[in-house]
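Welcome! Let us take a short walk through this structure, stopping at a few residues along the way.

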Amino acid sequence: MKLTKDNVADVLREKLLTETVKFVFRKKDGSRREAIGTTNLVVIPQDQWPKDMGAEIKAPKNESVVTYYDMEKLSWRSCRADSILQIEGQEVSDE
């Protein structure tokens, strides 16, 4: 599937539900951030689970933000959907 600015957030959220995903996004300061994350509760320590047990993950309150569990920092993080540059090495196109 071709990644576009219109579908990239949905594609990333879908992948995060079932796997650990390597992706790249641009931070607010303009620097690139390589992240390895997931929302798959099977691999997230139970004491780190969201209090609502995944409701926010399945139906985000804010469609312009992607929330994920950072496997390197071992905590929850988020990025703006329009800042995602790549997923698993596949570049996001402007089309």
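In this predicted model, Phe23 and Tyr68 are both buried. How many aromatic pairs are there by the ring-pair rule? The count comes to three. For Phe23 and Tyr68, the ring centres lie 5.0 Å apart and the planes stand at 85°, so this pair is edge-to-face. It joins distant parts of the chain, with Phe23 in strand β1 (residues 21–26) and Tyr68 in strand β3 (residues 65–70), 45 residues apart. Ring pairs also bring in Phe25, linking Phe23, Phe25 and Tyr68 into a cluster.

Two other residues are worth a visit.

| Residue | Place | Relative accessible area |

Start with Thr38. A polar atom of the Thr38 side chain lies 3.0 Å from the backbone oxygen of Leu16. Beyond residues up to four places away in sequence, Thr38 touches Leu16, Glu19, Thr20, Val43, Ile44, Tyr68, Tyr69, Met71 and Trp76. Tyr68, one of these, is also a member of the ring cluster.

Now to Gln86. Which side chain does the side chain of Gln86 meet in a polar contact? The partner is the side chain of Glu91, at 2.5 Å. Setting aside neighbours within four places in sequence, Gln86 is in contact with Phe23, Val24, Arg32, Glu91 and Val92. Phe23, one of these contacts, belongs to the ring cluster too.

Note on methods
Residues are numbered from 1 along each chain as its sequence is written. This is a predicted model: local features need pLDDT of at least 70, side-chain atom pairs count only at pLDDT 80 or more; totals for chains, interfaces and linings use all residues. Side-chain values use heavy atoms; hydrogens and water are left out. A polar contact is a pair of N or O atoms within 3.5 Å; within protein, one must be able to donate a hydrogen and the other to accept it, and residues adjacent in sequence count only if both atoms are side-chain atoms. Contact means heavy atoms within 4.5 Å. Rings of Phe, Tyr and Trp (its six-membered ring) pair if their centres lie within 6.5 Å; planes under 30 degrees apart count as stacked, over 60 as edge-to-face and the rest as tilted. Helices (H or I, at least four residues) and strands (E, at least two) are DSSP runs, numbered from the N terminus. Buried means under 20% relative accessible area, exposed over 50%, partly exposed in between (1.4 Å probe, protein chains only).
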